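Biologist: Could you walk me through this model and show me where the labels come from? I'd like to see each value set against its cut-off.

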Amino acid sequence: MITYLLIYIAFTNPIIGGYKHIINIDISSVVINQQQKLYPEQEWHIMDVTNMKYADHHFNMVVDKSLIDTLLCYSNSNANTSKMIDEIYRVMAPGSRYITFSLHSLEETIRHFQDDKYKWKVSGFNIKSSRWNEDANRRRAVAHCMIVCDKEPYSPSPLDLQGTHSRTH
Ligand SMILES: C[S@@+](CC[C@H](N)C(=O)[O-])C[C@H]1O[C@@H](n2cnc3c(N)ncnc32)[C@H](O)[C@@H]1O
């Protein structure tokens with residue numbers, strides 16, 4: 001079965017790429033109860049991303065939107081972010097993909113994924129919103145970075161992920 005772990009992207013919950021079996025997690029029971037009502041066809045689990053209860057190599061795709069931002073603001077942020085990425089790496093199937101969206105800058109975020117212990121290819125992108133302007137004070141609030149990690153063994157990708165790109169949409 002193709003299984004897709006969505007680490008709480010729930011306010012605008014998409015069904016990406018035709019995945020049918022979608023599991024969402026959040027540490028907050030309030031969040032999980034609210035979102036379960038909106039999207040009852042998906043599975044919802046109250047769970048700490050740094051200590052997940054899933055088996056190794058369980059998921060074909062993992063997506064996080066801004067949970068990493070919360071961890072980057074924790075005390076002990078490096079250790080907690082590292083625990084999250086270790087856990088996500090553990091539950092990813094060989095050849096699977098992990099996508100994270102963050103409001104932190106690409107430079108601040110991508111370094112957490114570029115550790116030799118992870119056998120994956122890392123690609124980073126800046127995604128500017130339509131409210132982007134060149135005033136440095138506004139940049140953080142109107143841009144996301146997207147980091148894509150393709151775990152070994154690599155298979156031909158439908159996206160041509162070559163290095164770092166910027167695009168406006
Ligand atoms: C910044 S919000 C992101 C919300 C949503 N994804 C969005 O983009 O609108 C971070 C979410 O992470 C959850 N969270 C914080 N620490 C967590 C952890 N250790 N494990 C799982 N979820 C956690 C919070 O409860 C919160 O719902």
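**Labels and their cut-offs**

Modeller: Let's start with Ser123, which is buried, with 21 other C-beta atoms within 10 Å. Keep in mind that this is a predicted model: local features need pLDDT of at least 70, side-chain atom pairs count only at pLDDT 80 or more, and totals for chains, interfaces and linings use all residues. Residues are numbered from 1 along each chain as its sequence is written.

Biologist: Why is Ser123 called buried?

Modeller: The rule says 20 or more other C-beta atoms within 10 Å is buried, 12 or fewer is exposed, and in between is partly exposed, with C-beta atoms placed from the backbone. Ser123 has 21, so it counts as buried. You'll find Ser123 in strand β6 (residues 120–128). Helices (H or I, at least four residues) and strands (E, at least two) are DSSP runs, numbered from the N terminus.

Biologist: And what makes His57 partly exposed?

Modeller: His57 has 13 other C-beta atoms within 10 Å, so it falls in between and is partly exposed. It sits in the loop between β3 and β4, and its phi is near 60°, a positive value in a residue other than glycine.

Biologist: How do you know that Ser66 is partly exposed?

Modeller: Ser66 has 18 C-beta neighbours inside 10 Å, so the in-between label applies again. Ser66 is in the loop between β4 and α2, and it too isn't a glycine, yet has a positive phi of about 70°.

Biologist: What makes β4 mostly covered?

Modeller: Five of its seven residues are buried. Across the protein, 26% of the 169 residues count as buried.

Biologist: How do you know that β4 and β5 pair?

Modeller: Two strands pair if DSSP finds at least two bridges between them. β4 and β5 have six, in the parallel sense, so they pass. Val63 stands opposite Ile99 in β5.

β2 and strand β3 (residues 43–46) also pair in the parallel sense, over four bridges. Here Asn24 has Trp44 in β3 as its bridge partner. Between these strands the chain passes through helix α1 (residues 29–38), and this β-α-β crossover is right-handed.

Biologist: What makes something a nonpolar core?

Modeller: It's a set of buried Ala, Val, Leu, Ile, Met, Phe, Trp, Tyr and Cys residues joined through C-beta atoms within 7 Å. The largest one here has 20 residues, and Val62, Met84, Ile88 and Met92 have the most contacts inside it. α3 gives the most to this core, with five residues.

Biologist: What does Met92 touch?

Modeller: Contact means C-beta atoms, placed from the backbone, within 7 Å. Leaving out residues up to four places away in sequence, Met92 touches His57, Phe59, Val62, Tyr98 and Lys151.

Biologist: Which residues come nearest to the ligand?

Modeller: Ile27, Ser28, Val49, Ser66 and Thr70, out of the 16 residues around the ligand. To be near, a residue's C-beta atom, placed from the backbone, must lie within 6 Å. α2 gives the most to this shell, with three residues.

How values were computed
A crossover is right-handed if, with the strands pointing away from the viewer, the path from the first strand over the helix to the second runs clockwise. Two residues are in contact if their C-beta atoms, placed from the backbone, lie within 7 Å.
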